Amino acid sequence: MTKRTSAKYKLDRRMGENIWGRAKSPVNKREYGPGQHGQRRKNKLSDFGTQLRAKQKLKGYYGDLTEKQFRRIYGEAERVKGDTGENLVGLLERRLDAVVYRSKFVPTVFAARQFVNHGHVTVNGQRVNIASYRVKEGDVIAVRDRSKQLAIVLEAVASSERDVPDYLEVDHSKMTTTFVRTPTLGDVPYPVVMEPNLVVEFYAKN
């Protein structure tokens, strides 16, 4: 399980954006960065800074992946035929924790990782407890019977904070979801603008 080294909302403050679109985000009240000097950090970003910011934002969105994990996924995206930025988003969205989060089985991507790690999820009837497990088109992901009445699940399903994207077919009455297809950037309901093209530029130069 990846260790979360910083408070999840610090990323919101650092970027000055509500990364996950949550009502509790501190940037809804304070748009400046965290820390003693946060209000003074208004310098114009260089090209490198803009690219680094895009990478940190995309990486952080998926539960603050480690640089090693994210770089490995980027390497895979680079090797696959097609647009590297689109491939990167597709690979990230195929992570099991991302699918659990998108399906509204849990309220946050951090909760999704923990939910998978604790063995609450099956893929095609088999229990899988690896958050980075990569689902394939047609895979059926389900909440295990003993976990369907957990408060965190019931609250997430009832929440109107997010919608389920159309590349998933979700049945909340059965707590199952089918991964229909790998999404493109335009399919993914990011609450903020993500720029995987800048991530590609960052890794091309560094």
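The protein as a whole averages a pLDDT of 88, and 80% of the residues score at least 70.

This is a predicted model, in which local features need pLDDT of at least 70 and side-chain atom pairs count only at pLDDT 80 or more, while totals for chains, interfaces and linings use all residues. Residues are numbered from 1 along each chain as its sequence is written, and side-chain values use heavy atoms, with hydrogens and water left out.

Now to the sheet. Helices (H or I, at least four residues) and strands (E, at least two) are DSSP runs, numbered from the N terminus, and two strands pair if DSSP finds at least two bridges between them. Five strands make an open sheet in the order β2-β1-β3-β5-β4, and the pairing is antiparallel. β2 (126-127) and β4 stand at its edges with a single partner strand each, so one side of each has no neighbour in the sheet.

At the β4 end, strand β4 (residues 168-171) runs antiparallel to strand β5 (residues 176-179), joined by four bridges. L168 stands opposite F179 in β5, and D171 stands opposite T176.

Two packed helices are described by the angle between their axes and the distance between the axes. Axes here are lines fitted to C-alpha atoms, for helices over the stretch in contact, and angles run from 0 to 180 degrees between N-to-C directions.

| Helix pair | Axes come within | Crossing angle |
|---|---|---|
| α3 (residues 67-79) and α8 (residues 196-205) | 12 Å | roughly 100° |
| α4 (residues 84-93) and α8 | 8 Å | roughly 110° |

α3 and α8 are therefore roughly perpendicular (65 to 115 degrees) to each other. Their contact is made by E67, F70, R71 and Y74 of α3 with V199, V200 and Y203 of α8. These residues divide into five nonpolar, no polar and two charged; Ala, Val, Leu, Ile, Met, Phe, Trp, Tyr, Cys and Pro count as nonpolar, Asp, Glu, Lys and Arg as charged, and the others, Gly among them, as polar.

The crossing of α4 with α8 makes α4 roughly perpendicular to α8 too. Here T84, G85, L88 and V89 of α4 meet P196, V199 and V200 of α8, and the contact divides into five nonpolar, two polar and no charged residues.

Note on methods
pLDDT is the predictor's confidence in each residue, from 0 to 100. Angles under 35 degrees count as roughly parallel, over 145 as roughly antiparallel, 65 to 115 as roughly perpendicular and the rest as oblique. Contact means heavy atoms within 4.5 Å.
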